[in-house]
Amino acid sequence: MIDSRVVKSVRMNMTEEMVERFVDAASRGDVAAVSSLISRCASLLDRPGANGWNALMLAARNGHYTVTETLLSHGADRLVVNRSSQTAYDIAKFWGHTHIGNLLLGTDNQSQHILATTDPSQEIYFSAEPLDRLSERRSDATWQQDKQNRPDSVFLLFSELSPLVHSLEPSTGSGAQTSLCRFSSSLVKELLLKPGSVLVFLGVERRRPSSSPETSSEPSAWFAINSTEDPEVLLKLGGEKDLFWARRPNRDLLNFSQDEAGILAQARAVLAWHSRYAFCPTCGSSSRSEEAGYKRTCTNASCSSLQGVHNTSYPRVDPVVIMLVLHPDGEQCLLGRKKVFPTGMFSCLAGFIEPGESVESAVRREVEEESGVKVGSVRYVACQPWPVPSSLMIGCLAVALSTDIKVDENEIEEARWFPRQKVIDALFRGGSPVLLLSPQQTIAHQLVKHWIGCNSNL
Ligand SMILES: NC(=O)C1=CN([C@@H]2O[C@H](COP(=O)(O)OP(=O)(O)OC[C@H]3O[C@@H](n4cnc5c(N)ncnc54)[C@H](O)[C@@H]3O)[C@@H](O)[C@H]2O)C=CC1
Ligand SMILES: [Mg+2]
Ligand SMILES: [Mg+2]
Ligand SMILES: [Mg+2]
Ligand SMILES: [Zn+2]
């Protein structure tokens, strides 16, 4: 006679083994095995393996989009937590799998649609890093000179901080309308000898475009030059091509591919710093560029800036907080408009962080100064380099403690609470006379989108 306890224990072992096979398949991204196991035993879906992680968490951990999709389509519960109280979404976010995070946030077709549109690559404009900055090479003069002479090195040209660009055919499909004009060393050789030229080493390519021929085994180096020569004369350097200067910072700089925007953010901010720090901030003597454009040193041998390390010798970044303030009811957000905005346009409030201030304090202070609204909790979401001239926009969501609005008229013309539906309409159905948001390349736009995405899961 078979002991029923033995049968039960054998059954348990078989189930546990099946759970382990199932979570292992999800962890490896094996969609076929995941689907086949669910069809045999639907109760496997949310079962955790021995380490407390279920299939959805492991698929999220390892970036397996199709497995995540399959599990969700079978009704996997996205709110289950592991022993560290993390949901699959928390795990996807932690490991940087934004597209899976977005998938996990969606609860129905409508929000899936909304979230899908948030991901044309999910990168924040100006924040791509296609070049390896190789900071350790900046003080290696021989290496720098060698790179400057190589035929495959790329030089970008700026005049008064405006890059030289050319238009792209819409058929490139990248969504970019303009592209940075790339010069070779032979074309810029003479320009580099002019006293008004500033050269900055940007880095070397992390990946070589597959279409380009393998001219060398080393990745190409990129440089940026700001020139004070006559812009009309400089244009001729590009030969017959149809080139122009991208002069309007807040408009013309938003038309590049993600990669070029990242390079531009670095180049323009460092060049802007050179143009503003021609003289030493400590003693007023002239300063000269060193370390491949990443340091300016005072030419006065007795200047105290030559003793020790001084931040005035290095490129500057100004931190700015930019925040989407949410109404305590969770269903409205606070947006403001400056006088200079186009009609109907509202955006997130923003302001420079002051010395001795934390991000959270700056958010609370700026919101109260500009709108009179008091803010409680603040959560960091993402940041954006903003090379006009060299801010770092630190994007946060914040929750209001009070709702009465009293604007600082010097800064803001109007601030209002906008209901979620109005914001969704403005985001996905184009702007309306009631609410026009800033372009998608701005972090203000991305913060609003992020809120809508998060909220769809509430
Ligand atoms: N990427 C995006 O989505 C957005 C970017 N921004 C950028 O954020 C920056 C700051 O926003 P605001 O509302 O203008 O800041 P704000 O609210 O602090 O007010 C600007 C005023 O702050 C003072 N100020 C303090 N520190 C400064 C510094 N380091 N540089 C210049 N002025 C300083 C000046 O008096 C200036 O007029 C702007 O330069 C703007 O370009 C603003 C909104 C959206
Ligand atoms: Mg302000
Ligand atoms: Mg402001
Ligand atoms: Mg301020
Ligand atoms: Zn000095």
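Predicted model: local features only at pLDDT ≥ 70, side-chain atom pairs only at ≥ 80, totals over all residues.
Modeller: Residues are numbered from 1 along each chain as its sequence is written, chains are lettered from A and ligands numbered from 1 in the order in which they are written, and side-chain values use heavy atoms, with hydrogens and water left out.

Colleague: What is the arrangement of the four donor atoms around the zinc ion (ligand 5)?

Modeller: Donors are N, O and S atoms within 2.8 Å of the metal (3.2 Å for Na, K and Ca); water is not among the atoms, so sites may look incomplete. The SG atoms of C280, C283, C298 and C303 coordinate the zinc ion (ligand 5) at 2.3 to 2.4 Å. Four donors count as tetrahedral if all angles lie between 85 and 135 degrees. Here the angles are 97 to 118°, so the arrangement is tetrahedral.

Colleague: Is C303 buried or exposed?

Modeller: Buried means under 20% relative accessible area, exposed over 50%, and partly exposed in between (1.4 Å probe, protein chains only). C283 has 36% relative accessibility and is therefore partly exposed. With a relative accessibility of 2%, C303 is buried.

Colleague: Which residue bridges the magnesium ion (ligand 2) and the magnesium ion (ligand 3)?

Modeller: The protein donors of the magnesium ion (ligand 2) are OE atoms of E366, E370 and E411, lying 2.0 to 2.1 Å from it. Along the chain, these donors follow the spacing E-x3-E-x40-E. The two magnesium ions, ligand 2 and ligand 3, lie 3.3 Å apart, and the residue bridging them is E370.

Technical notes
Tetrahedral: all angles 85-135°; square planar, octahedral: opposite > 155°, others 65-115°.
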